Amino acid sequence: MAQHPPAPTRRLSTNERETIDRTVEPLPPALELDEHNYFDNNDPPDYLESMMSDVNDFIEKHPQDRIVLVTSGGTTVPLENQTVRFIDNFSAGTRGATSAEYFLELGYAVIFLHRQFSLLPYSRHYSHSTHCFLDFMEEKDGKVVVGSKYQSEMLSVLRKYKDAKEAGLLLLLPFTTINQYLHTLRSLSLALQPVGPRALFYLAAAVSDFFIPPSRIPEHKIQSMAGGKKLIMDLDPVPKFLNRLVDKWAPSAMIISFKLETDRSILIFKARQALDRYSHQLVIGNLLQTRKQEVVFVLPNQAENWIKLNDQQTIDDIEIESIFIPQIVNLHSEWIDNSAST
Ligand code: 9Z3
């Protein structure tokens, strides 16, 4: 068998070292100028105007209800304007879709801003599974029916889905790219301003940190190059707009962001750093490896609070969102009460 020579080792460049150095200071919060630069130079999606008219109708239909904006799934970073290739991330939208169901159960109207084709509330139980949806069906007297062992669970999911739909409590809004996500998030925040403290932002989407600005993105498909030349990518940082959202776009709403890490030893520090920088109400920390079993609530001026499934809950397939979404609803009640008294 042919032996491949070992890959030559080389010293990492300063930039390469910094990208893996977890002690390096994060990008500072975006200023007003950064906001103008970004939104003036990156066009809104064509569909945004008509999407916002649906959003305004939805908001008008819920004059008394609490409205939660749940963001969910990963954002893509196109490498070409006519996009063949893009950078993506792991998020399937499980956290967002699951949380949306518990918010609906607790009486919220839900705007679900999700990565297109990621998991959706209710249908998530039967999609993206290792089983094909057809495995839930069987044939009976020449008709297709749900298999007997799935009947009761599917009936319960179907009822909840139909109830939410008929009551007009769930608005599904898709995005694909980071730019679509940012434009939609800003427009939604402005549209939700009249809702005041009844609005809750639950930012669970896994948002890209880097993108290629319009001035540098190639129009057409990137070609392979003679001589086996490498493709070297030059990405700009995505501005950190959370402080713009907290201070300017949605100043009366309660805002919750998520912090994802893979190294447990820095999770709390990073979550608290985000809270200090953006001055919002709650950061929920989670680790990639254990995100379905444990999360940590980091609140201002309080010790952090871990929420973990115990052994029995794990055996019983309890979803961690069923434990912590009611806690969020309590915090949101306090937020509304405090806003009324100030
Ligand atoms: C999260 O941390 C979500 O809980 C997950 C959910 C993406 C881990 P799944 O879709 O995963 O259920 O598979 N979301 C936020 C991730 C994020 O990008 N946070 C930014 C950061 O960590 C701050 S906005 O820097």
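Begin by selecting Arg124, which counts as buried because its relative accessibility is 11%, where buried means under 20% relative accessible area, exposed over 50% and partly exposed in between, with a 1.4 Å probe and protein chains only. Before going further, note that this is a predicted model, in which local features need pLDDT of at least 70 and side-chain atom pairs count only at pLDDT 80 or more, while totals for chains, interfaces and linings use all residues. Residues are numbered from 1 along each chain as its sequence is written, and side-chain values use heavy atoms, with hydrogens and water left out.

**Salt bridges**

Arg124 lies in the loop between strand S4 (109-115) and strand S5 (137-140), and Glu319 in the loop between helix H9 (311-315) and helix H10 (320-341), so the pair ties together parts that are 195 residues apart in sequence. Helices (H or I, at least four residues) and strands (E, at least two) are DSSP runs, numbered from the N terminus. Glu319 itself counts as partly exposed, with 24% relative accessibility.

Next select Arg186 and Glu35, whose salt bridge has its closest N and O atoms 3.1 Å apart. Because Arg186 lies in helix H6 (residues 178-191) and Glu35 in helix H2 (residues 32-41), this pair ties together parts that are 151 residues apart in sequence. Arg186 is partly exposed at 23% relative accessibility, whereas Glu35 is buried at 9%. If you also select Arg244, you have a network of salt bridges that links Glu35, Arg186 and Arg244.

Then move to Arg85 and Glu80, which form a salt bridge with the closest N and O atoms 3.1 Å apart. Is Glu80 buried or exposed? Glu80 is buried, with a relative accessible area of 0%, while Arg85 counts as partly exposed at 35%. The structure holds 15 salt bridges.

**The ligand**

Now select the ligand and the 15 residues around it, of which Ser91, Gly93, Arg95, Lys259 and Asn286 come nearest; a residue is near a molecule if one of its heavy atoms lies within 4 Å of it. An oxygen atom of the ligand is 2.6 Å from an N or O atom in the side chain of Ser91, and an oxygen atom of the ligand is also 3.1 Å from a polar backbone atom of Leu260. The protein covers 87% of the 610 Å² of accessible area that the ligand has on its own, with accessible areas coming from the Shrake-Rupley method with a 1.4 Å probe. Colour helix H4 (94-105) and strand S11 (254-261), the elements that give two or more residues to the shell around the ligand; the largest share, three residues, comes from S11.

**A nonpolar patch**

Finally, select Phe133, Leu134, Met137 and Val144, which make a nonpolar surface patch of about 410 Å². Patches are made of residues with over 30% relative accessible area and no salt bridge, with like charges joined within 9 Å and nonpolar side chains (Val, Leu, Ile, Met, Phe, Trp, Tyr) within 5 Å. Val144 is found in strand S6 (residues 143-146) and counts as exposed, at 67% relative accessibility.

Terms used. Polar contact = N/O pair within 3.5 Å; in protein donor to acceptor, adjacent residues only side chain to side chain. Salt bridge = Lys/Arg side-chain N within 4 Å of Asp/Glu carboxyl O.
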